[in-house]
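Reader: I would like the terms used for this structure set against their cut-offs. Please take them one at a time.

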Amino acid sequence: MTLVYRQEYTKLASAPECPPVLLPQEWLADAAPARAGAANAPAFRLMAHCTEKTTVPASVGQWQKAFSRFGLALAPQASGCCGMSGTYGHESRNRQTSRQIFDLSWGPLLDKAEGGPEVLATGYSCRSQVERLGRGRLRHPIEVLLESVSATD
C-alpha cells in the first residue's frame, strides 16, 4: 500500500506540500538509533515481496541496514514470486497455478531453509501463501525488530 500511496500522492494538486511516503525500511535505515548487537543475536534471511523488489530495488539493502542498526544480521534470499500475486492466488480458478508457481520458487527455498536462520517475508500475500499451503507462519521483519526492542527495554 505504501507504494500505491507514494504514486497517488504525487498526483494531488498539493503534492509539493506532501511529506515523502516511505517504506518502513527506508525510514528505519536512517532514523533508528544504532544498537550494539548481542554476541548470540540470531541471524535472519529475507524473502522480499517481488513488487517491492522491482519497484524499489534498494529495499532489500535498506532492510539489511535497518537490521544492522538494531544489531541484527539479515541476509537476502534470492527468490521469485510466491505465486499469490495479491488476490490472484485466492481466486479458485487460479489456485492450482498459484501453487505451481510457489512450488517452483518459494517451496524449494523454504525446504532448504529448515534448520537454518529464520526466514522472514515482507509481503502480506507472500506470508498468506506460505501459511495457506501449510508451510508455517513467516514473520514480517518489523515483528523481529519490535521483538528486539522489547527484549532490550
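Author: The structure, a predicted model, holds one aromatic pair. Local features need pLDDT of at least 70 and side-chain atom pairs count only at pLDDT 80 or more, while totals for chains, interfaces and linings use all residues. Residues are numbered from 1 along each chain as its sequence is written, and side-chain values use heavy atoms, with hydrogens and water left out.

Reader: What makes Phe-44 and Phe-67 an aromatic pair, and of which kind?

Author: Rings of Phe, Tyr and Trp (its six-membered ring) pair if their centres lie within 6.5 Å; planes under 30 degrees apart count as stacked, over 60 as edge-to-face and the rest as tilted. Phe-44 and Phe-67 lie 5.9 Å apart centre to centre, with 70° between the planes, so the pair is edge-to-face.

Reader: Why is the pair said to tie together separate parts?

Author: Phe-44 belongs to strand E1 and Phe-67 to helix H4 (residues 59–69), so the parts joined are 23 residues apart in sequence. Helices (H or I, at least four residues) and strands (E, at least two) are DSSP runs, numbered from the N terminus. The protein has eight helices and three strands.

Reader: How do you know which strands are the edge strands of the sheet?

Author: Two strands pair if DSSP finds at least two bridges between them. The three strands form an open sheet in the order E2-E1-E3, with parallel pairing. Strands E2 (73–76) and E3 (118–121) each pair on one side only, so they are the edges. Four bridges join E1 (residues 43–47) to E3, and Arg-45 has Val-119 as its bridge partner in E3.

Reader: What makes helix H6 count as packed on the sheet?

Author: Contact means heavy atoms within 4.5 Å, and helix H6 (residues 106–113) touches E1 and E3. The direction of H6 makes about 175° with that of E1. Axes are lines fitted to C-alpha atoms, for helices over the stretch in contact, and angles run from 0 to 180 degrees between N-to-C directions.

Reader: How are the residues that line the largest pocket divided?

Author: The lining has seven nonpolar, eight polar and two charged residues. Ala, Val, Leu, Ile, Met, Phe, Trp, Tyr, Cys and Pro count as nonpolar, Asp, Glu, Lys and Arg as charged, and the others, Gly among them, as polar.
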